[in-house]
Amino acid sequence: MHLETRILVTGGAGFLGSHLCERLLEHGASVICVDNFFTGTRRNIDHLLDHHGFELIRHDVTFPLYVEVDQIYNLACPASPIHYQRDPVQTTKTSVHGAINMLGLAKRLHAKILQASTSEVYGDPSVHPQTEEYWGNVNPVGPRSCYDEGKRCAETLFFDYWRQNKLRIKVARIFNTYGPRMHPNDGRVVSNFVVQALLGRDITVFGDGLQTRSFCYVDDLIDGLIRLMSTSDDVTGPINLGNPKEFTMLELASKVIELTDSRSRIVHRPRPQDDPRQRRPEISRANDALKWAPRISLHDGLVRTIEYFEKLLTDEAIRPLIALDSQGTEA
C-alpha cells in the first residue's frame with residue numbers, strides 16, 4: 001500500500017533520536033518523530049522540519065499514541081543522571097508505561113519494534129567486560145534506580161510480549177555514546193569536559209579518575225541500531241552496542257584539554273553513589289549478528305563534538321543557560 005517504510009521514533013528530538021531520524025530519512029523512509037521536549041529540543045530537528053518525509057508530534061509516551069507505522073524505535077527516556085533524577089517517578093513511568101504503550105501499538109499494527117535499552121542494566125558490574133548473558137549488579141533503591149530498573153523492566157516487557165504475542169522485537173543495550181547534539185547541561189562526562197575546557201573552567205573528575213568508560217561516536221551507534229532493526233525476526237537481542245576501547249576519566253580529560261588547547265585544570269570531587277567503576281561492552285554478538293563494529297576513533301569523534309560545542313557556545317541565547325558548574329557523570 002505504501003511505497004516507503006513508515007517509521008516511528010519516540011524521543012526523536014533528542015541526541016540519539018535526531019540522528020536516527022536524519023539517517024532514516026536519508027534511507028528513504030517516512031519518519032514520525034515523537035517527543036515531549038523534556039530533554040529533546042527543536043534545535044536538533046529544525047533542519048528536518050521541511051523534509052517531505054518528516055512529521056513531528058509533541059506527545060508523552062506515557063499516554064497511548066495512535067498512528068500507522070511499520071517500525072517503531074522506542075528511544076524516549078531521559079538518559080543522563082541530572083535529567084532522569086530530576087523527576088525519578090516520571091523517569092520510571094516513561095520507561096515502563098512508555099514501553100507498554102509502544103508495545104501495544106506494535107501489537108495492533110503487527111509492527112517491528114526496537115527498544116533502546118542501556119548498559120545501566122548491568123549496574124556497577126562485577127563482570128568485565130559486560131556480556132549480554134550477565135544479569136547485572138544493580139541497586140534497586142538508589143538514586144539511579146529509576147533509570148536502571150525502569151530500563152530493566154522495559155526489557156522484561158519486550159521479551160514477555162515476544163513470548164506471549166509473538167511480537168517482532170529488538171533490544172539494544174547502548175553503552176556510552178557521544179557526539180554533536182548532546183545536551184550541554186546533561187552532566188555526562190564528554191559534554192561536561194568539553195564545555196568546561198572550552199570555557200576555561202576547571203574540569204571536574206569524580207573520585208580518583210581511574211574509573212573507566214568506553215565511548216562510541218553517535219554515527220557508529222545509529223548504524224548499529226538500524227542494522228539491528230534490519231535483522232531477521234529470530235534476532236531479538238539483547239545486543240550490546242558500544243565501543244570496546246576503554247579509557248579512564250583522567251585519560252579523557254587530558255585528551256579534551258589537548259584537543260581544545262585549553263588551560264583548564266583537572267580537579268577531583270567525591271564519586272557519586274552507584275557510579276560504576278568500569279564499563280566496557282563485549283560486542284562479539286553485534287559482530288556476528290549485525291556485522292557491526294565501531295569505526296570512528298575517540299580522537300576523530302571528539303574533534304567533531306568539540307566543533308559542535310564551539311558553535312553552540314557562540315549562540316548568545318544559549319551560552320548563559322549553561323550551568324556554571326555541572327554535576328553528575330555519564331550514564
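Where does Asp-274 lie in this predicted model? The place of Asp-274 is in the loop between strand β13 and helix α8, where helices (DSSP runs of H or I, at least four residues) and strands (runs of E, at least two) are numbered from the N terminus. Residues are numbered from 1 along each chain as its sequence is written. Because the model is predicted, local features need pLDDT of at least 70 and side-chain atom pairs count only at pLDDT 80 or more, while totals for chains, interfaces and linings use all residues, and side-chain values use heavy atoms, with hydrogens and water left out.

With a relative accessible area of 29%, Asp-274 is partly exposed, a class that falls between buried (under 20% relative accessible area) and exposed (over 50%), as computed with a 1.4 Å probe on protein chains only. When residues up to four places away in sequence are not counted, Asp-274 touches Asn-139, Gly-142, Pro-143 and Arg-144, contact being defined as heavy atoms within 4.5 Å. Asp-274 and Arg-144 are 130 residues apart in sequence, whereas their C-alpha atoms are 7.3 Å apart in space.

Charged side chains were examined next. A salt bridge is counted when a side-chain nitrogen of Lys or Arg lies within 4 Å of a carboxyl oxygen of Asp or Glu, and by this rule the count comes to 17 salt bridges. One of them joins Asp-124 to Arg-271, with the closest N and O atoms 3.9 Å apart. Asp-124 lies in the loop between β5 (112–118) and α4 (145–165), and Arg-271 in the loop between β13 (266–269) and α8 (284–290), so this pair ties together parts that are 147 residues apart in sequence. Asp-124 is partly exposed at 25% relative accessibility, and Arg-271 is likewise partly exposed, with a relative accessible area of 31%.

A salt bridge is also formed by Glu-155 and Arg-173, whose closest N and O atoms are 2.7 Å apart. This pair links distant parts of the chain, since Glu-155 belongs to helix α4 and Arg-173 to strand β6 (residues 169–174), 18 residues apart. Both Glu-155 and Arg-173 are buried. Within helix α4 itself, the side chains of Arg-163 and Asp-160 meet in a salt bridge with an N to O distance of 3.0 Å, and these two residues are 3 residues apart, about one turn of the helix. An α-helix has 3.6 residues a turn, so residues three or four places apart point the same way. Asp-160 counts as partly exposed, at 33% relative accessibility. Salt bridges that share partners also join Glu-120, Arg-144 and Arg-279 into one network.

The packing of helices was then described through α5, α7 and α9. Helix α5 (residues 189–198) is largely enclosed by the rest of the structure, because 9 of its 10 residues are buried. Val-189, Ser-191, Asn-192 and Gln-196 are among these buried residues, and the buried residues of α5 pack against β7 (177–178), β8 (203–206), α7 and α9. Just after α5, Gly-200 takes a positive phi of about 70°.

Helix α5 and helix α7 (residues 249–260) pack at an angle of about 40°, with their axes 9 Å apart; axes are lines fitted to C-alpha atoms, for helices over the stretch in contact, and angles run from 0 to 180 degrees between N-to-C directions. The two helices are therefore oblique to each other, a class that remains once angles under 35 degrees are called roughly parallel, over 145 roughly antiparallel and 65 to 115 roughly perpendicular. In this contact, Val-189, Val-190, Phe-193, Val-194, Ala-197 and Leu-198 in α5 meet Met-249, Leu-252, Ala-253, Val-256 and Thr-260 in α7. These residues divide into 10 nonpolar, 1 polar and no charged, where Ala, Val, Leu, Ile, Met, Phe, Trp, Tyr, Cys and Pro count as nonpolar, Asp, Glu, Lys and Arg as charged, and the others, Gly among them, as polar.

The axes of α7 and helix α9 (residues 298–312) come within 11 Å and cross at roughly 55°, which makes α7 oblique to α9. Leu-252, Lys-255, Val-256, Leu-259 and Thr-260 of α7 make this contact with Leu-298, His-299, Leu-302, Val-303 and Ile-306 of α9. By class, the contact of α7 with α9 has 7 nonpolar, 2 polar and 1 charged residues.
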